[in-house]
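Dear colleague,

I am passing the structure on to you below, and after it you will find my notes on what turned up when I went through it. Please read them with the coordinates open beside you.

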Amino acid sequence: AVEATWRSALVHTRGVPNRDLDRRYARLHTARFQDGALARVRAAGVAVQQGRAMDVTHDADGSTVHLQDGSTLGASVVVDATGGASRLLRYGRGGEPGWQVAYGQLVEVDGHPWDMGEMVLMDFRAAGEGRPRNQAWQEREETLPSFLYAMPLGRNLLFVEETVLVSRPGADMGMLAARLGHRLRRMGI
């Protein structure tokens, strides 16, 4: 299920020398990973049921997942891996949760500045560096920092992503897309 690997992952921060984590990093091929996981659970005798979960209830005997077609599934443990917008997720007291938000693109480019054995795990340098600054842009970057994640998949192919680790409310995708565009233009991409 491994699609690509890099010998090192780089971290860039403002005013500090670049750091090479000196460890391999891999990108998984989502479809191959899912197919392999499904094959392994079926081989282990796990019953696989396809459906859309609409609700989950819990009692002393376990949990019941209520599906869109009206059927139910009983379980001792329910794992919801659908993300923060899940209809099964309920928040307790204590205010709004923090969200990690990322905007990514697979892009064809004329070239890029990275060695094929390197990927950028986190580049925290300001996305707007090297462009004319205005007060609003500077305030947004200072109050809601983001970083670049970049995986060279070939001399002319990149997966890039602008990520906010946590924000309340979740960061705006349009803002992240604009930051990613500014950052890539600043780098000559």
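Pro169 sits in the loop between S11 and H3, where helices (H or I, at least four residues) and strands (E, at least two) are DSSP runs, numbered from the N terminus. The peptide bond that leads from Arg168 to Pro169 is cis, with omega near -10°. This is a predicted model, in which local features need pLDDT of at least 70 and side-chain atom pairs count only at pLDDT 80 or more, whereas totals for chains, interfaces and linings use all residues. Residues are numbered from 1 along each chain as its sequence is written, and side-chain values use heavy atoms, with hydrogens and water left out.

Leu184, for its part, is in contact (heavy atoms within 4.5 Å) with Val160 and Ile189, if residues up to four places away in sequence are not counted.

Strand S11 also holds Glu162, which is a charged residue in the scheme used here (Ala, Val, Leu, Ile, Met, Phe, Trp, Tyr, Cys and Pro count as nonpolar, Asp, Glu, Lys and Arg as charged, and the others, Gly among them, as polar). Glu162 counts as buried because its relative accessible area is 0%, given that buried means under 20% relative accessible area, exposed over 50% and partly exposed in between, with a 1.4 Å probe and protein chains only. The side chain of Glu162 is joined to that of Arg183 by a polar contact of 2.7 Å; such a contact is a pair of N or O atoms within 3.5 Å, where within protein one must be able to donate a hydrogen and the other to accept it, and residues adjacent in sequence count only if both atoms are side-chain atoms.

Turning to open space, the largest pocket holds about 390 Å³. A pocket here is an open set of points on a 1 Å grid over the protein atoms alone, where a 1.4 Å probe fits, with protein on both sides within 12 Å along at least five of seven lines, and lining residues have an atom within 4 Å of a point. Grid points are joined across faces, edges and corners, and a volume is the space filled by probe spheres set on the points. Leu38, Val41, Val46, Ala47, Val48, Gln49, Gln50 and Leu73 line the largest pocket, and by class this lining has 6 nonpolar, 2 polar and no charged residues. One of these residues, Val46, belongs to the loop between helix H1 (30-43) and strand S5 (53-59) and is partly exposed, at 44% relative accessible area.

The second largest pocket has a volume of about 320 Å³. Its lining includes Ala53, Val65, Asp80, Thr82, Ser86 and Arg87, and by class amounts to 8 nonpolar, 2 polar and 2 charged residues.

Asp22, in the loop between strand S3 (16-20) and strand S4 (25-28), has phi near 50°, a positive value in a residue other than glycine, and counts as exposed at 66% relative accessibility. Arg23 lies in the loop between S3 and S4, is exposed at 57%, and touches Trp6, Arg7, Ser8 and Ala9, leaving aside residues up to four places away in sequence. Gly15, in the loop between strand S2 (8-13) and S3, is exposed at 82% relative accessibility; its C-alpha atom is 8.7 Å from that of Arg125, although the two are 110 residues apart in sequence. His29, finally, is in the loop between S4 and H1 and is partly exposed at 25%, with Ala1 and Glu3 as its contacts once residues up to four places away are set aside.

With best regards
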